[in-house]
Amino acid sequence: VTERKLDLVGSSLADGAVAVIADGVPCAVMANILQYNHRGIERSQSEDVIIGPHYSFSEALGENVALLRRRMSTPRFKTKTVNLGRMSRTKVAMLYLEGVAQEKLVAEVEERLTRIDIDYVAGASYLRGFLEDEPSSVFPQLRVTERPSRVVAALAEGRVAIMSDGDPTALIVPTFLPEFLQSSEDYFEKPLAATFLRHLRLLSAAISVMLPGLWISLVVFHHGIIPPPLFNAIVGGREGVPLPSVLEAFMLLLAFDIVIEASTRLPAAIGPAIGIVGAIILGQSAVQASLVSPTMTIVVALSGLAAYTQPSPGLLRPIRVLKYFVLVLSSIFGLFGLVWAVIYLTIQAVSIRSFGYPFMYPLAPFNLRGEMDILLKQPNFALDQRPHFLAPENERRLAKGAIPKPGKGEPNET
């Protein structure tokens, strides 16, 4: 490859290329002979599934794009690459399907990428703060995934993916909050089972965020709502506990998060065992020492475990933070604080936009077709149209007449 611009020759040399320059020749012959050692294709760690493809991205951008091209072998698959970082010159790729993704979305993503002017780019996930509409919000406005199958499905819907060299994750834009309850396994399951699991995840998210605050509201402020047998059991379990219920809840929640965080940082061979043993020892010892009550231990354990039913790590971390916010308001104002917290979080979610698209779609604005896909897992042959907001000019993704119909009469005998 010949190159005439001196700055591009310098960038190629910094990347490990070889330049041949001859006296009197106004160009350089470039040859990239550098080879990197990198890990191969492995099983997804943060988004592991039981049914469906198991492989994940690696740190090599070229191989990641090749994985996507293998699953999406169409001339419409387009890739635009830019170098970001004045010092790192990290290759960042924008991927989309021409004729499916809206041109205004592609232009918006490209404009936000090109205006980033910093010294060092560690990876695609590092760019989230530069790309989000509301970077200070606790809600994730970009979908982070390491699964090629999820990226391919997003591209087919008219979305845009962002990947970088040295990062095994991809950013999917735009993204909507109700979609975080969906798992890629849902599209390999029967509709009834997938629908049940979706509602179970929704219930688990509500339990994780609101159960500690609701329990404190009932125990501290609104005793009359609790049935007398249950209230007597709660009072009996708190005999000898020196801490107030509010402080007891905060202490147990922090202890649970400490155990979870420690188990993720320990070596894989001993992390799960130490996490389980540590939680059992701490919980049992605290109850026997009358530092905490058994009922509060159950509430905190259920709240903590319910968060890990979420299929997306991007929603797991906000849930772990929001339960403290709800608990603080509930411990001050009771059920009124719980209701105010829910109203505030709803207003925040509704007011956010992801690359100009409503973050709460299809709930707000309401879209019946999209709502049905969120609440009910329809058969795959019934998903014949893309989301209206993403591809209004090319909505249909299933040919007419492709829905299976039972044959009539007896099969032909041969």
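What percentage of the 414 residues of the protein count as buried? The share is 42%, where buried means under 20% relative accessible area, exposed means over 50%, and partly exposed lies in between (1.4 Å probe, protein chains only). This is a predicted model, in which local features need pLDDT of at least 70 and side-chain atom pairs count only at pLDDT 80 or more, while totals for chains, interfaces and linings use all residues. Residues are numbered from 1 along each chain as its sequence is written, and side-chain values use heavy atoms, with hydrogens and water left out.

The protein has 13 helices and ten strands; these are DSSP runs numbered from the N terminus, with helices (H or I) of at least four residues and strands (E) of at least two. The C-alpha trace spans about 95 × 70 × 45 Å along its principal axes. As one distance within it, Ser 285 and Met 360 are separated by 75 residues in sequence and by 44 Å in space, C-alpha to C-alpha. Ser 285 belongs to helix α9 (residues 271-288) and counts as partly exposed because its relative accessibility is 40%.

Salt bridges come next. There are 15 of them in the structure, each being a side-chain nitrogen of Lys or Arg within 4 Å of a carboxyl oxygen of Asp or Glu. One joins Lys 78 to Glu 98, with 3.8 Å between the closest N and O atoms. This pair links distant parts of the chain, 20 residues apart: Lys 78 is in strand β4 (residues 77-84), and Glu 98 is in the loop between β5 (90-97) and α3 (103-114). Lys 78 has a relative accessible area of 29% and is therefore partly exposed; Glu 98, at 44%, is partly exposed.

Strand β4 also holds Lys 80, whose partner Glu 110 lies 30 residues away in helix α3. The side chains of Glu 110 and Lys 80 meet at 3.4 Å, N to O. Glu 110 counts as partly exposed because its relative accessibility is 31%, and Lys 80 is partly exposed at 33%.

A further salt bridge connects Arg 320 and Asp 257, the closest N and O atoms being 3.7 Å apart. Here the link runs between helix α11, which holds Arg 320, and helix α8 (residues 245-265), which holds Asp 257, across 63 residues. Both Arg 320 and Asp 257 are buried. They are part of a network of salt bridges that also takes in Glu 261 and Lys 323.

A pocket is found on a 1 Å grid over the protein atoms alone, as an open set of points where a 1.4 Å probe fits, with protein on both sides within 12 Å along at least five of seven lines; lining residues have an atom within 4 Å of a point. The largest pocket contains about 1,200 Å³ of space, the volume being that filled by probe spheres set on grid points joined across faces, edges and corners. Its lining has 41 residues, and those nearest the centre are Ser 46, Ser 312, Pro 313, Leu 316 and Arg 317. At least two lining residues come from each of β6 (143-145), α6 (191-221), α8 and α11, and α11 gives the most, with six. By type, the lining has 16 nonpolar, twelve polar and 13 charged residues. In this count Ala, Val, Leu, Ile, Met, Phe, Trp, Tyr, Cys and Pro are nonpolar, Asp, Glu, Lys and Arg are charged, and the others, Gly among them, are polar.

On the surface, a nonpolar patch includes Val 328, Phe 333 and Trp 340 among its members, with about 780 Å² of accessible area together for the whole patch. Areas come from the Shrake-Rupley method with a 1.4 Å probe, with only the protein chains shown counting as cover for residues. Patch residues have over 30% relative accessible area and no salt bridge; nonpolar side chains (Val, Leu, Ile, Met, Phe, Trp, Tyr) are joined within 5 Å, and like charges within 9 Å. Both α11 (313-333) and α12 (335-351) supply at least two residues of the patch, and α12 gives the most, with five. Phe 333, in helix α11, is partly exposed because its relative accessible area is 39%.

Some backbone features remain. The peptide bond between Val 173 and Pro 174 is cis, with omega about -10 degrees, and Pro 174 sits in the loop between β8 (170-173) and α6. Phe 355 has a positive phi, near 55 degrees, without being a glycine; Phe 355 counts as buried because its relative accessibility is 6%.
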